[in-house]
Amino acid sequence: MTSTMTDVDINEVILDEDTAAAAAAARAANSDDDDSIGPDAPSPQSLLQAFKDELGPACDGVRDEYLLPFLKWKPDVKRASHRYREFLKWKASNKGFFDESLRLSKDPELERLILSEVIVSPPTLLTKKGGPLLIGRFRNNDMTDGRTVDGVCRMLFYTLDQIMQRPETQEHGMTVIHDLRGFDKAKNSRFQIAKRLFHLYGHFPIQLKAIYICHASPVFMGFFKIISNIVMTKKVRSRIRFIEDFNDLDTKYSVISPKDLFTDMGGTTEWSSKDWVEDQKRKELSGDSTVWSSFTEIDPTVETPKK
């Protein structure tokens, strides 16, 4: 049977009090997401000391490599400081999800879910402007195989955290492509995942350049419209495009040449997460901060974040 708008269970999108508050907070946080940076903007390095002075004890012991991304996201001390403190508050409220336990070398279930390739971002897969691409394939998120909402969220957090450590992400921002072929709402999605992600949205120093949603069914489009109106600002919603053909990524939006996409998307790029996972585990266990970094290492307990 063809999916219709009536397939959206309205009971799933009635937000409880905590989630409604989180959604409001996410919209407020994202009101700061004007990612335009003028040609005369000061360099992040030149603002670093003023940034540290503004943050005070909140950045004691935090390495510069974790502070600079906030200034690369917004080369403005006040706005970058606000985002940093929002991150601290979010992180403090997500112990067990985004902390030192979020390591492939420590969590076999995290490894299993990463290997299911629900979301992937090969380091060599870049936009024409040089920014990273995050490819989502929700059909791989089999909620009947024993995975939990918490486990899926940890998998998403780990992947996003590692993308944000990449210099090209900090310089060019991130572009998302969701390939929804084969998506089954009952099997592949849980509204609780979206609810938890409300708390993630708008707290990290990352520029979201665009979201391209490919081959979306009417039911997904209806569901997405409801959720995006709740949690996203108008500016963020304006960056979302629904497309029917992967060629549109090139011909309409000049994002990436179709030949550079994955083979199952009609391109020539082959990717397996297995080698990447093994490399990540080696880096985690190396103890070498020059090859492994994570925002989970930022300690949010040194200061009660300012409101």
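**Reading a predicted model**

Author: Arg137 and Glu117 are both buried. The model in which they occur is a predicted one.

Reader: What do the side chains of Arg137 and Glu117 form where they meet?

Author: The general idea comes first: side chains of opposite charge can pair when their charged atoms come close. Here the side chains of Arg137 and Glu117 meet in a salt bridge, with an N to O distance of 3.1 Å. Arg137 is placed in the loop between β2 (133-136) and α6 (149-164), and Glu117 in the loop between α5 and β1 (119-120), so this pair ties together parts that are 20 residues apart in sequence.

Reader: Which residue meets Arg139 in a salt bridge, and which parts of the chain does that pair link?

Author: Asp264 is the partner of Arg139, at 3.2 Å from N to O. This pair links distant parts of the chain, 125 residues apart: Arg139 is in the loop between β2 and α6, while Asp264 is in the loop between α12 (248-251) and α13 (273-286). Arg139 is partly exposed, with a relative accessible area of 25%, and Asp264 also counts as partly exposed, at 34% relative accessibility. Through salt bridges that share partners, Glu117, Arg137, Arg139, Asp179, Arg181 and Asp264 are joined into one network.

Reader: How many salt bridges does the structure hold, and where do Glu109 and Arg112 lie?

Author: The structure holds 22 salt bridges. One of them pairs Glu109 with Arg112, whose closest N and O atoms are 2.9 Å apart. Both residues lie in helix α5 (residues 108-115), and because they are three residues apart there, about one helical turn separates them. Glu109 is partly exposed at 30% relative accessibility, and Arg112 is partly exposed at 32%.

Reader: Let us turn to the nonpolar side chains. Which residues of the largest nonpolar core touch the most other members?

Author: One reads a core by its members and their contacts. The largest nonpolar core has 59 residues, of which Tyr84, Phe87, Met155 and Ile298 touch the most other members. Helix α6 gives the most to this core, with nine residues. At least three residues come from each of domain 1 (43-93) and domain 2 (109-287). Apart from residues up to four places away in sequence, Phe87 touches Phe70, Phe98, His203, Phe204, Phe295 and Ile298. A second, separate core has 16 residues, among them Tyr212, Cys214, Leu249 and Ile256.

Reader: What is the volume of the largest pocket, and which element gives the most to its lining?

Author: Rolling a probe the size of a water molecule over the atoms shows where empty space is left. The largest pocket has a volume of about 420 Å³. It is lined by 24 residues, and those closest to its centre are Gln162, Gln165, Arg166, Trp276 and Gln280. Helix α13 gives the most to the lining, with five residues; α3 (64-73), β1, α6 and α13 each supply at least two.

Reader: Finally, is Leu104 buried or exposed, and which residues is it in contact with?

Author: Leu104 is in the loop between α4 (77-92) and α5, and it is buried, with a relative accessible area of 2%. Leaving aside neighbours within four places in sequence, Leu104 is in contact with Leu110, Glu111, Ile114, Tyr158, Trp276, Val277, Gln280, Lys281 and Glu284. The C-alpha atoms of Leu104 and Leu285 are separated by 9.8 Å, although these residues are 181 residues apart along the chain.

Terms used
Residues numbered from 1 in each chain as written. Predicted model: local features only at pLDDT ≥ 70, side-chain atom pairs only at ≥ 80, totals over all residues. Heavy atoms only, no water. Salt bridge = Lys/Arg side-chain N within 4 Å of Asp/Glu carboxyl O. Helix = DSSP H or I, 4+ residues; strand = E, 2+ residues; numbered from the N terminus. Buried < 20%, exposed > 50% of the residue type's maximum accessible area, 1.4 Å probe, protein only. Core = buried A, V, L, I, M, F, W, Y, C linked by side-chain atoms within 4.5 Å. Domains from an automatic or database assignment. Contact = heavy atoms within 4.5 Å. 1 Å grid on protein atoms, 1.4 Å probe; cavity = no way out; pocket = protein on both sides within 12 Å on 5 of 7 lines; lining within 4 Å. Points joined across faces, edges and corners; volume = space filled by probe spheres on them.
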